[in-house]
Amino acid sequence: MPRKPNYDFERRERERAKAAESAKKAQAKAEKRAAEQETPDGDQSGGR
């Protein structure tokens with residue numbers, strides 16, 4: 001017997017998973033930015 005679809009729940013689950021992935025990427029980006037600022041003027045010269 002096929003199951004009855006629960007579209008609202010499935011949509012919320014997709015959005016939750018997408019938000020979690022987005023938050024994970026944002027956290028990694030913030031950590032990378034913080035690590036670059038902590039290092040003293042290295043090879044990457046973005047300034048003048």
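Here are legends for a few close-up views of this predicted model.

View 1. Helices (H or I, at least four residues) and strands (E, at least two) are DSSP runs, numbered from the N terminus. Of the 48 residues, 0% count as buried; buried means under 20% relative accessible area, exposed over 50%, partly exposed in between (1.4 Å probe, protein chains only). The chain's accessible surface is about 5200 Å², with 51% of that on carbon and sulfur atoms (Shrake-Rupley method, 1.4 Å probe).

**View 2. D8 pairs up with R11.** The closest N and O atoms of this salt bridge sit 3.3 Å apart; the term covers a side-chain nitrogen of Lys or Arg within 4 Å of a carboxyl oxygen of Asp or Glu. D8 and R11 are about one helical turn apart because they are three residues apart in helix α1 (residues 7-38). D8 is partly exposed at 44%, and R11 is partly exposed at 40%.

**View 3. E13 meets R16.** Here the closest N and O atoms are 3.1 Å apart in a salt bridge. These two are three residues apart in helix α1, so about one helical turn separates them. E13 is partly exposed, with 31% relative accessibility.

View 4. R11 and E15 are four residues apart in helix α1, about one turn. E15 is partly exposed at 47%.

**Notes.** Residues are numbered from 1 along each chain as its sequence is written, and side-chain values use heavy atoms, leaving out hydrogens and water. Local features need pLDDT of at least 70, and side-chain atom pairs count only at pLDDT 80 or more, while totals for chains, interfaces and linings use all residues.
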